[in-house]
Amino acid sequence: MSNDLPDLRASHEDRDRVVDALRVAAGDGRLDAEELDMRLERALSAKTLSELAELTTDLPSAPTAQGKDVLVVEQHGGKFVREGRWSVPSRIELRTQECRVTLDFTHAVITADVLRIETDMMHGKLVFVGSPDIVMDTDGLNLTYSKLKLRPKTTDAKPRLRIELVGRLLHAKIVERRK
């Protein structure tokens with residue numbers, strides 16, 4: 001968003017990008033709750049790109065998901081949970097045994113269209129929590145004595161996030177829950 005075109009109308013996508021950047025800044029401690037609420041209200045009602053640009057000029061550029069943006073989970077036993085407001089990377093590597101992994105996208109900051117999850121899971125469970133605008137692609141999974149319990153796609157609109165699951169599951173289960 002440039003100040004070169006101050007009267008250019010903002011789209012829903014432009015507003016969403018600024019809202020995500022503001023939430024990340026608040027999570028980093030750059031904005032307090034009152035300032036965040038005020039800026040979110042202004043972002044959601046902004047009509048032009050210059051109005052949106054004013055809301056983030058004093059903040060560092062929001063990090064975007066890149067190929068090197070990876071979350072690696074190596075765990076034997078127990079639980080691993082990502083919930084609340086967390087920044088979703090472009091790739092997650094799951095190398096787990098006898099472990100329950102929960103990825104809750106309800107309040108997550110999603111900066112990319114595609115999330116690739118590479119699995120090597122034995123005797124475990126992978127739970128996704130999200131909304132109907134998240135689509136799962138499981139074509140790249142190798143299942144051995146494993147089960148998928150995924151919800152059917154319910155919207156024809158462009159998905160907010162496409163999750164590509166690849167790798168292997170041995171005596172494991174993948175479950176999708178919607179909020």
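# Close-up views of the predicted model

**A. Strand S4 (residues 91–97) and strand S7 run parallel and are joined by 7 bridges.** Strands are DSSP runs of E of at least two residues, helices are DSSP runs of H or I of at least four, and both are numbered from the N terminus. Two strands count as paired if DSSP finds at least two bridges between them. Arg-91 has Arg-116 as its bridge partner in S7, and Gln-97 has Met-122. S4 is also joined by 7 bridges to strand S1 (residues 70–76), again in parallel; here Leu-71 has Ile-92 of S4 as its bridge partner. The model is predicted, so local features need pLDDT of at least 70 and side-chain atom pairs count only at pLDDT 80 or more, while totals for chains, interfaces and linings use all residues. Residues are numbered from 1 along each chain as its sequence is written, and side-chain values use heavy atoms, with hydrogens and water left out.

**C. Arg-162 in strand S11.** Arg-162 counts as partly exposed because its relative accessibility is 30% (buried is under 20% relative accessible area, exposed is over 50%, and partly exposed lies in between, with a 1.4 Å probe and protein chains only). Its side chain makes a polar contact of 2.5 Å with that of Asp-137. A polar contact is a pair of N or O atoms within 3.5 Å; within protein, one must be able to donate a hydrogen and the other to accept it, and residues adjacent in sequence count only if both atoms are side-chain atoms. Neighbours within four places in sequence aside, Arg-162 is in contact (heavy atoms within 4.5 Å) with Asp-113, Val-114, Leu-115, Val-135 and Asp-137. Its C-alpha atom is separated by 5.9 Å from that of Ile-134, which is 28 residues away along the chain.

**D. Strand S9 and the loop that joins S8 to S9.** Asp-139 belongs to S9 and counts as exposed because its relative accessibility is 72%. Between the C-alpha atoms of Asp-139 and Leu-165 there are 7.4 Å, for a separation of 26 residues in sequence. Ser-131 lies in the loop between S8 and S9. The side chains of Ser-131 and Asp-133 are joined by a polar contact of 2.2 Å. Beyond four places in sequence, Ser-131 is in contact with Arg-160 and Arg-178.

**E. The largest cavity, with a volume of about 40 Å³.** The structure holds 1 cavity of 30 Å³ or more. A cavity is a set of points, on a 1 Å grid over the protein atoms alone, where a 1.4 Å probe fits but cannot get out, and lining residues have an atom within 4 Å of a point. Grid points are joined across faces, edges and corners, and the volume is the space filled by probe spheres set on the points. The lining consists of Phe-105, Phe-128, Val-129, Gly-130, Ile-134, Met-136, Ile-163 and Glu-176. Strand S8 (125–130) and strand S9 (134–144) are the elements that give two or more residues to it. S8 gives the most, with 3 residues. By class, 6 lining residues are nonpolar, 1 is polar and 1 is charged; Ala, Val, Leu, Ile, Met, Phe, Trp, Tyr, Cys and Pro count as nonpolar, Asp, Glu, Lys and Arg as charged, and the others, Gly among them, as polar.

Asp-104 in strand S5 (residues 100–104). Asp-104 counts as buried because its relative accessibility is 10%. Apart from neighbours within four places in sequence, Asp-104 is in contact with Arg-82, Glu-83, Trp-86, Val-129 and Lys-179.

**G. Helix H3 (residues 49–56) and its cover.** The buried residues in H3 are Leu-49, Ser-50, Leu-52, Ala-53 and Leu-55. Helix H1 (12–27) and helix H2 (33–45) are included in what covers them. The protein chain has 3 helices and 12 strands, and 39% of its 179 residues are buried.

Conventions. 1 Å grid on protein atoms, 1.4 Å probe; cavity = no way out; pocket = protein on both sides within 12 Å on 5 of 7 lines; lining within 4 Å.
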